[in-house]
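Me: I would like a close look at a single part of this protein. Please keep the answer plain and connected.

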Amino acid sequence: MHRSIRRKRTQSILLLLLLCLYPLTLHARPFVLVLSQDDLKDGPTASSDPADADSTSTGDWDEFDDSDSKSDEDLDPGSWRSILEPDLVSNSGAASGAVEPDVADYYSGVQKMLEAVSEGEVRLMEEATTEIEAAAAAGNPHAQSVLGFMYGMGQMKERNKAKAFLHHHFASEGGNMQSKMALAYTYLRQDMQETAVKLYAELAEVAVNSFFISKDSPVIEQVRIHTGAEENKEALRKSRGEENEDFQILEYQAQKGNAGAMYKIGLFYYFGLRGLRRDHTKALSWFLKAVDKGEPRSMELLGEIYARGAGVERNYTKALEWLTLASKQQLYSAYNGMGYLYVKGYGVEKKNYTKAKEYFEKAADNDEPGGHYNLGVLYLKGIGVKRDVKLACKYFIVAANAGQPKAFYQLAKMFQTGVGLKKDLHMASGLYKLVAERGPWSSLSRWALESYLKGDVGKAYLLYSRMAELGYEVAQSNAAWILDKYEEHSMCMGESGFCTDAERHQHAHSLWWQASEQGNEHAALLIGDAYYYGRGTERDYVRAAEAYMHAKSQSNAQAMFNLGYMHEHGQGLPLDLHLAKRYYDQAVEIDPAAKLPVALALASLWIRKNYADSFMVRLIDSLPEVFPKGGAWVENVIMEEGNATILTLFVCLLTVLFLRERQRRHAAVGDVAFQQPPNEHVAHVPN
């Protein structure tokens, strides 16, 4: 639970023992594509004119590329992979003996920058900055990209968004894809949809070229390292790769001959899951062992490996054999690979569109998203069928709602061009962004997580910050959390050395704000808290209320509780006890776990309404003044230790104080009871 929300509740605990702390919703809302008939473009839907089909082509449908697949280094030039994965990268610019001076300065500068934040050496960061500047001055686009990052973050440079933008622009023109991501995100935030959609379209196309064949694309798992104010220990435990105890048990079972364990290990290595780095050679070995033990699911992956030439020489005939065996085991997704081989004429006598369509239909009939996607491509391009854009669109929507990234790409193209769907650049850019974030630059997330798990918080923060600049919401959230959690130990670099408290708060505030814009409810709450308490910015109750409203719009119970509190006290919102009660009621409707805190908050409302000038109300209103000491006592003694005895005494003390105040009031009324009839006082809880 984050500190600021705990503060509000600690105020209530001091009076009302607000101990039931309901959970946070930390993740940004999932993207769900909901389209109506109105989104479909009117007009002719079918065409047999090949020229018409070519005019709306979204590129060659060629997941089984005729040539060898491009490496991540080719797709993401200037990547830090050669520094962070030196054993897996050969002939890189950093490792090659004969390199241009600007290239040498660039890689040396990045190496020193990463070492500086790991070791906490400002001098090393100064050397890194000098080398990166020299490489950028010589025209190296990748050094310009890093320099743009440094200006954007205010790292060893005065924070300057204009200079950051300029350096990213030149880097993008020079072929740096990460700067192109940063520019696209900048344009998107500024609502410059036409420019953003063009950049994201280029990035999404690169990402699609890195995708696998019949299975989902090789997404680097985006792990959220926190659950509010605490580490996400369960997620981190599962991300330790070969050091994970569960993986070691699984590996032991596989070595003992368990076929299911063999398949799972092969899957982890093939896709790079659970913190493991992708290793096609190991994946192939485990899949072959699993098949020998009778595990049919490995057959489909072996078909894909041979078709792709991943860790083995490409062989379409073997690919078809393995896919056919898999389909006979009712592994319906294998039909997608078989259908594609018939579309291309690979491993078969000749192309056969009719047979390909039959296989895709079998996959789709068994709820395989790939089958819907492949049928969509057939109808979009008129391959073996009469072209029908609307039907293609419907297939793509089904596939997209099942999470098929290639379907997002196709729909984005349709929204961008107005083919099949009404032109909508906002939707197009959003869909392209989802695909682009699956590109090879997403490896930054894995390196950041590996650094964090090794205790290298400084490097983790730097890498997450780089991803945050590219528009990754999880990275924005993780980087901000590291700043708040580790403070000076985060190794945050400011304009002239380690970040001051003010710089660190400013960086965290900016990162949380960006995450909140992308739907992170927890971030929106923290932004509200920053304005409410004046942490890292000037105190502003109005803007705090606006941030809480943003979180409330996503049905967040905590935000509603906070808005009720602000209405109760007239902070940034009109003093309105009835509206406060409404927000408290809505909080418990959304999250039943809020029942106790809401009940206590309503008790506070009742006291405020019926004893407006009483000692109890004055005590409630004085809580912000006594909060620092009282809040620390509640957190350190009661919350942390769970001291039931002290808690009981505290309850008794408040009860005695309240009863004494009520007795004093009754005694005062009794003094005049002989002179006039008693007035009946009826208290009502506000509606």
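Of the 183 residues in the largest nonpolar core, which touch the most other members?

Reply: This is a predicted model, and what follows holds for that model. The residues that touch the most other members of the largest nonpolar core are Trp80, Phe287, Leu411, Tyr432, Tyr464, Ile482 and Tyr584. The core has 183 residues. At least three of its residues come from domain 1 (228-423), and at least three from domain 2 (485-626).

Take Tyr584 as the part to look at closely. Setting aside its neighbours within four places in sequence, Tyr584 is in contact with Phe561, Gly564, Tyr565, Glu568, Val598, Ala601, Leu602 and Leu605.

Lys581 and Asp585 form a salt bridge through their side chains, with a distance of 2.8 Å from N to O. Both belong to helix 30 (residues 577-590), and because they are four residues apart there, about one helical turn separates them. Lys581 has a relative accessibility of 14%, so Lys581 counts as buried. Asp585, at 22%, counts as partly exposed, since buried means under 20%.

In general, side chains of opposite charge can pair when their charged atoms come close. By the rule used here, the model has 21 salt bridges. Another of them joins Glu133 and Lys157, at 2.0 Å from N to O. This pair links distant parts of the chain: Glu133 is in helix 6 (residues 122-137), while Lys157 is in the loop between helix 7 (141-153) and helix 8 (161-173), and the two are 24 residues apart. Glu133 is partly exposed at 29% relative accessibility, whereas Lys157 is buried at 13%. Lys233 and Glu231 also form a salt bridge, and their closest N and O atoms are 3.4 Å apart. Here Lys233 is exposed, with a relative accessible area of 59%, and Glu231 is partly exposed at 27%. Salt bridges also link Glu85, Arg277, Arg446 and Glu450 in a network.

Cys492 is buried at 4% relative accessibility, and Cys499 is buried at 10%.

Note on methods
Residues are numbered from 1 along each chain as its sequence is written. This is a predicted model: local features need pLDDT of at least 70, side-chain atom pairs count only at pLDDT 80 or more; totals for chains, interfaces and linings use all residues. Side-chain values use heavy atoms; hydrogens and water are left out. Buried means under 20% relative accessible area, exposed over 50%, partly exposed in between (1.4 Å probe, protein chains only). A nonpolar core is a set of buried Ala, Val, Leu, Ile, Met, Phe, Trp, Tyr and Cys residues joined through side-chain atoms within 4.5 Å. Domain bounds come from an automatic or database domain assignment. Contact means heavy atoms within 4.5 Å. A salt bridge is a side-chain nitrogen of Lys or Arg within 4 Å of a carboxyl oxygen of Asp or Glu.
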